[in-house]
Amino acid sequence: MEDILKTCPQHTMSWLKGNLTMYKHQGFWNLKDFIEGTILAQQNLKAEPSDVLVASCPKTGTTWLKALAFAIVTRDKFDGSPSPLLTTMPHECIPFLEKDLEQIEENHKNSGFPLLATHLPYTSLPESLVASDCKIVYIYRNIKDVIVSHYYFLLKAFKLSVDDAPFEVAFDDFCQGISWYGPYWDHILGYWKASQERPGRILFLKYEDMKRDPKNDVKKLAEFIGYPFSVEEEKAGVVEDIIKLCSFENLSNLEVNKSGMHRSTIENRIYFRKAKDGDWENYFTEEMKEKIDKLTDEKLMGTGNML
Ligand code: A3P
């Protein structure tokens, strides 16, 4: 591992007071232990065609998508009894490729639970996963809100205050592509290109659209992953119940998400901040807005204004 890291460009985030060093591995910036997990997954995962991969770049709405996908897939199992989402943080409801390989194998053998999650860029996915041609759901979000969300997440993870961590420096790092699993544009582009080559196998969900019309996207999601709602379920309000269960208001107020810890290291509550569209306007100068818009136009040219 150390040999691999030696060959990777590295960057220590000065705005986090030097607390975090990222390495550029296979074209994307990441933390040492996640790179380790990536390599293990690339070497060992035996994917199955029935797998459904929930993929995203961090801070794009992953927690929400995981909760929704889990609630959809398990709705019959917990019909009438409390959903595990009431007592378990959504990230712990779906095994994460870079960390939970054993759980994924276990699910393959015993439970038939189809969901697995990743933040990996498409080009770093394990070969067996691409070869399996399994379905992929990918969520993405307005880049300016992702920048603010990413800034606050890392700030809180390292228990720093806004005064300690200049937003302008975090912004400049992000513009240079240096963010967790960044460059963000390349992350989106990888899945977008793959979707052109594998029509019908990758569903794109946009955070802002999902906020505007959750019913439409939740039905689309359920249909895509092979758990469509029946007419009876729709009449009985099952779609609305799932939307309510997974809403920011509900999840962020649950005890587990207010006081629990994720993997014993990160407080669950920092995954739930404001969940507002356009919060970036409170942080960006006009100059920053112009810079990021221009960069985004250049980088995502030809994808039909995804962001
Ligand atoms: P903000 O920081 O803008 O509030 P991820 O889950 O990929 O880490 O993304 C985190 C972002 O999603 C945070 O955005 C967080 O508040 C928001 N979020 C978390 N749970 C949500 C939910 N149930 N519905 C909508 N947004 C949610």
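The space that the ligand takes up is the largest pocket in this predicted model, where a molecule counts as sitting in a cavity or pocket if more than half of its atoms lie within 2 Å of the grid points concerned. A word on the terms: on a 1 Å grid over the protein atoms alone, a pocket is an open set of points with protein on both sides within 12 Å along at least five of seven lines, a cavity is a set of points where a 1.4 Å probe fits but cannot get out, and lining residues have an atom within 4 Å of a point.

Before I go on, the numbering runs from 1 along each chain as its sequence is written, and side-chain values use heavy atoms, with hydrogens and water left out. The model being predicted, local features need pLDDT of at least 70 and side-chain atom pairs count only at pLDDT 80 or more, whereas totals for chains, interfaces and linings use all residues.

The largest pocket holds about 970 Å³ of space, a volume being the space filled by probe spheres set on the points, with grid points joined across faces, edges and corners. Its lining has 49 residues, and those nearest the centre are Lys59, Thr63, His91, Phe153 and Tyr271. Two or more lining residues come from each of helix 2, helix 3, helix 6 (143-157), helix 9 (207-212) and helix 13, and helix 6 gives the most, with 8 residues; helices here are DSSP runs of H or I with at least four residues, strands are runs of E with at least two, and both are numbered from the N terminus. By type, the lining of this pocket divides into 25 nonpolar, 10 polar and 14 charged residues, with Ala, Val, Leu, Ile, Met, Phe, Trp, Tyr, Cys and Pro counted as nonpolar, Asp, Glu, Lys and Arg as charged, and the others, Gly among them, as polar.

Turning to the ligand, which residues come nearest? Of the 19 residues around the ligand, they are Lys59, Thr62, Thr63, Ser149 and Lys274, where near means a heavy atom within 4 Å. A polar side-chain atom of Lys59 lies 2.6 Å from a ligand oxygen atom, a polar side-chain atom of Thr62 also lies 2.6 Å from an oxygen atom of the ligand, and for Lys274 a polar backbone atom is 2.6 Å from a ligand oxygen. The ligand taken alone exposes 560 Å², of which the protein buries 98%, by the Shrake-Rupley method with a 1.4 Å probe. Helix 3 (62-73) and helix 13 (248-252) are the elements giving two or more residues to the shell around the ligand, and helix 3 has the largest share, 3 residues. The shell divides into 9 nonpolar, 6 polar and 4 charged residues.

Lastly, the cavities, of which the whole structure has 2 of 30 Å³ or more. The largest cavity holds about 50 Å³, and residues including His25, Phe28, Leu120 and Tyr181 line it. Strand 3 (28-30) and helix 2 (32-44) each supply at least two residues of that lining, which divides into 5 nonpolar, 5 polar and no charged residues. The second largest cavity holds about 30 Å³, and its lining residues include Asp51, Ile104, His108 and Phe113. Helix 4 (101-111) and strand 5 (115-118) each supply at least two residues there, and helix 4 gives the most, with 3 residues.

Key. A polar contact is a pair of N or O atoms within 3.5 Å; within protein, one must be able to donate a hydrogen and the other to accept it, and residues adjacent in sequence count only if both atoms are side-chain atoms.
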